[in-house]
Amino acid sequence: MKVTLITHTPEPEKIIAAAARLCYSDTSAANLMEGMNDEKAQSFVEMLSAMGHESPIEHITFTFGIEGVSRTLLAQITRHRIASFSVQSQRYVRQDNFQYITPPAIADNPEASGIYLKAMENAVRDYNRISSILEEKYYQEFINQGISEKKARSSAEKKAIEDARFVLPNSCETKIMVTMNARSLLNFFKLRCCNRAQWEIRELACEMLRLCSQVAPSVFRNAGASCCNGNCPEGKMSCGKAEEVRKYMASLKKPL
C-alpha cells in the first residue's frame with residue numbers, strides 16, 4: 001500500500017479560524033484573515049473542538065493518491081459518501097496480468113497461501129481466455145459492419161474486457177484518488193482506525209491520519225478511533241484494547 005497526500009487546502013488551520021471568526025464576530029468577509037497568525041488559528045481550532053462546532057472545518061480538504069489496495073477496500077471506502085473518488089477503471093484498463101492483494105492471515109498460512117495463489121492464477125487465465133473469445137467475436141462483427149481493421153480491433157478489445165472483468169476477484173489491485181473535507185475525515189478515522197475495522201482499510205485510515213496530522217495538527221489532535229475520545233462504544237464487540245489503540249493513535253500524530 002502506498003498513500004500520498006497529493007494536495008490540501010493551503011494554511012488549513014487559518015482557513016478554519018477565518019470561518020469561525022465569521023461565525024462569532026462582526027468582522028467583514030474581506031478582513032477575516034487580517035492579523036491571523038498560527039497562534040490565533042490554533043486557539044480558534046481548539047475552541048471549536050471544545051464546543052463541538054464542526055462545520056467550519058468542512059472548508060479544508062485533503063486529496064490522497066492511494067495505490068496497492070484491493071477492490072475489497074474500494075467497496076468499503078466508497079461507502080463514505082461525503083467524498084470524491086476517481087478509480088482506475090477495469091473497463092478501460094486491461095487486467096491481463098493483474099496485481100493482487102494478499103491478506104496477511106493467508107500469507108502466513110502455507111496451505112491457505114497455496115490455495116490462494118492457485119485461485120489468482122486461475123483468475124488470470126480465465127480472464128485472458130474470456131477476453132480473447134469475446135474479442136474475436138466482436139472483431140468479426142465490427143469488420144462485417146465495414147469498420148477498419150485497426151478500429152475494429154481496438155473497439156473489440158474494449159468491448160471484450162467490459163465483460164471479462166466480471167471474473168476478476170476482489171483481491172485485484174486498484175488505484176484511487178480521494179478527496180475529503182476535514183469533518184468527513186474525522187468521521188472516517190473514528191470508524192476505520194478502530195481495531196474492529198477490516199485490516200486493509202484500517203491500515204489506510206491510519207496512514208491518512210498520520211499524513212493529515214503533519215499538515216493540520218490542531219485539527220486532528222483528537223482524531224482516531226472512537227475510544228480516543230471516551231469509552232469504546234462497541235460494547236460486547238469491543239476489542240478490549242482501548243489503551244493500546246489510544247497509544248498507537250498518539251504515535252501517528254507525533255510531528256516529524
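Good morning. Let me begin with one side chain: Arg246 has a relative accessible area of 29% and is therefore partly exposed, where buried means under 20% relative accessible area, exposed over 50%, and partly exposed in between, using a 1.4 Å probe and protein chains only. Its partner in a salt bridge is Glu243, with N and O 3.2 Å apart; a salt bridge here is a side-chain nitrogen of Lys or Arg within 4 Å of a carboxyl oxygen of Asp or Glu. Glu243 is likewise described as partly exposed, at 46% relative accessibility. Both residues belong to helix α9 (residues 242-252) and sit three residues apart, about one turn of the helix. Helices (H or I, at least four residues) and strands (E, at least two) are DSSP runs, numbered from the N terminus.

Before I continue, a word on the model. This is a predicted model, in which local features need pLDDT of at least 70 and side-chain atom pairs count only at pLDDT 80 or more, while totals for chains, interfaces and linings use all residues. Residues are numbered from 1 along each chain as its sequence is written, and side-chain values use heavy atoms, with hydrogens and water left out.

I return to the salt bridges. The count comes to 18. One network, joined by salt bridges that share partners, takes in Arg94, Asp96, Glu135, Glu136, Arg153 and Glu157. Within it, the closest N and O atoms of Arg94 and Asp96 are 3.9 Å apart. Arg94 is partly exposed at 25%, and Asp96 is partly exposed at 37%. Another salt bridge links Lys137 to Glu141, at 2.9 Å from N to O. These two residues are four apart in helix α5 (residues 110-144), about one turn of the helix. Lys137 has a relative accessible area of 41% and Glu141 one of 34%.

Next, the sheet. In what order do the four strands of the open sheet lie? The order is β1-β2-β4-β3, with antiparallel pairing; two strands are taken to pair if DSSP finds at least two bridges between them. The edge strands, each pairing on one side only, are β1 and β3 (84-87). From one strand to the next, the twist averages 20 degrees. Axes are lines fitted to C-alpha atoms, for helices over the stretch in contact, and angles run from 0 to 180 degrees between N-to-C directions. Strand β2 (residues 61-70) and strand β4 (residues 173-181) are joined in the antiparallel sense by eight bridges. As one example, Phe62 has Met180 in β4 as its bridge partner. Across β2 and β4 lies helix α7 (residues 182-192), which runs at about 125 degrees to β4.

The largest nonpolar core has 47 residues, and Phe62, Phe64, Ile66, Leu185, Phe189 and Phe220 have the most contacts inside it. A nonpolar core is a set of buried Ala, Val, Leu, Ile, Met, Phe, Trp, Tyr and Cys residues joined through side-chain atoms within 4.5 Å. Which helix gives the most to this core? Helix α8 (residues 199-215) does, with eight residues. A second, separate core of 10 residues includes Tyr127, Ile161, Ala164 and Cys172. Leaving aside residues up to four places away in sequence, Phe64 touches, among others, Val3, Leu5, Ile176, Val178, Leu185, Met208 and Leu211, contact meaning heavy atoms within 4.5 Å.

Helix α8 also meets α9, the helix with which I began. Their axes come within 8 Å and cross at roughly 45 degrees. The two helices are therefore oblique to each other; angles under 35 degrees count as roughly parallel, over 145 as roughly antiparallel, 65 to 115 as roughly perpendicular and the rest as oblique. On the α8 side the contact includes Arg202, Cys206 and Leu209, and on the α9 side it is made by Tyr248, Met249 and Leu252.

Glu11, in the loop between β1 (2-8) and α1 (12-24), has a positive phi of about 45 degrees although it is not a glycine. At 48% relative accessibility, Glu11 is partly exposed. Thank you.
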